[in-house]
Amino acid sequence: MRRAIEDIQNFGIEADIWKIEGVDERSDCEMLVAQARSGGRDGVACVLLGRGADDEKVDHWLTQAAPVDGFIGFAIGRSIWWDPLKSYVDGKIERAAGARAIADNYLRFISVYERAETPTAAR
């Protein structure tokens, strides 16, 4: 991903926000932000993608990215809405239950991100 960001930048394409696929190590998050902000691009930010992964994996990626200066949030989709939507389409749950499940999933990921983003001493 770092090389792809660099190649895109070298081609003259300037992004304000980079959508970054989840990575397993905080140091990789730091390296990706450093590349995104290289060459005086200090205002560039990154958001984490969920890649449709399960909650445990997305939680791990969120905890790696959230404390890194330059990550400003996430753009998780399928990990939030896939199962409730499938259950609704399959007739297993009502629309209101599906909407509530999607909202609950979203709020849970927000909570994971916010807990990881806030230093322990500040809690």
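## Layout of the chain

Reading from the N terminus, the protein chain goes α-β-α-β-α-β-α-α, which gives five helices and three strands. Helices here are DSSP runs of H or I with at least four residues, strands are runs of E with at least two, and both are numbered from the N terminus. This is a predicted model, where local features need pLDDT of at least 70 and side-chain atom pairs count only at pLDDT 80 or more, while totals for chains, interfaces and linings use all residues. Residues are numbered from 1 along each chain as its sequence is written, and side-chain values use heavy atoms, with hydrogens and water left out.

The C-alpha atoms fill a box of roughly 50 × 40 × 20 Å along the principal axes. Of the 123 residues, 33% count as buried (buried is under 20% relative accessible area, exposed is over 50%, partly exposed is in between, with a 1.4 Å probe and protein chains only). As for contacts (heavy atoms within 4.5 Å), take those with a separation of 6 or more: residues 24 or more positions apart account for 73% of them. The accessible surface comes to about 7600 Å², and 51% of that belongs to carbon and sulfur atoms; the areas are Shrake-Rupley values with a 1.4 Å probe, and for residues only the protein chains shown count as cover.

## Helix H4, inside and out

Helix H4 spans residues 78–89, and its buried residues are Ser-79, Ile-80 and Pro-84. They sit on the same side of H4, because they cover an arc of only 150° around the axis (the arc is that of the directions from the helix axis to the C-beta atoms). Their cover includes helix H3 (55–65), strand E3 (71–75) and helix H5 (95–117).

Then there's the nonpolar surface patch of about 510 Å², made by Trp-81, Trp-82, Leu-85, Tyr-88 and Val-89. Patches take residues with over 30% relative accessible area and no salt bridge, joining like charges within 9 Å and nonpolar side chains (Val, Leu, Ile, Met, Phe, Trp, Tyr) within 5 Å. Tyr-88 lies in H4 and is partly exposed, at 38% relative accessible area. Just after H4, Gly-91 takes a positive phi of about 80°.

## Salt bridges between and within helices

The whole structure has eight salt bridges (a side-chain nitrogen of Lys or Arg within 4 Å of a carboxyl oxygen of Asp or Glu). One of them pairs Asp-55 with Arg-108 at 3.4 Å, N to O. That pair links distant parts of the chain, with Asp-55 in H3 and Arg-108 in H5, 53 residues apart. Arg-108 also meets Asp-59, at 3.0 Å. Asp-59 lies in H3 and Arg-108 in H5, so this pair ties together parts that are 49 residues apart in sequence.

Arg-100 bridges to Asp-104, with the closest N and O atoms 2.9 Å apart. Both lie in H5, four residues apart, about one turn of the helix. Back with the shared partners, Asp-55, Asp-59 and Arg-108 are joined into one network.

## Cysteines and a buried arginine

The search turns up zero disulfides (a pair of cysteine sulfur atoms within 2.5 Å). Cys-29 has its nearest cysteine sulfur, that of Cys-46, 8.8 Å away, which is too far for a bond. Cys-29 is buried at 1% relative accessibility, and Cys-46 is buried with a relative accessible area of 1%.

Arg-41 lies in the loop between helix H2 (26–36) and strand E2 (45–49), and counts as buried at 18% relative accessibility. Leaving aside residues up to four places away in sequence, Arg-41 touches Gln-9, Glu-14 and Ala-36.
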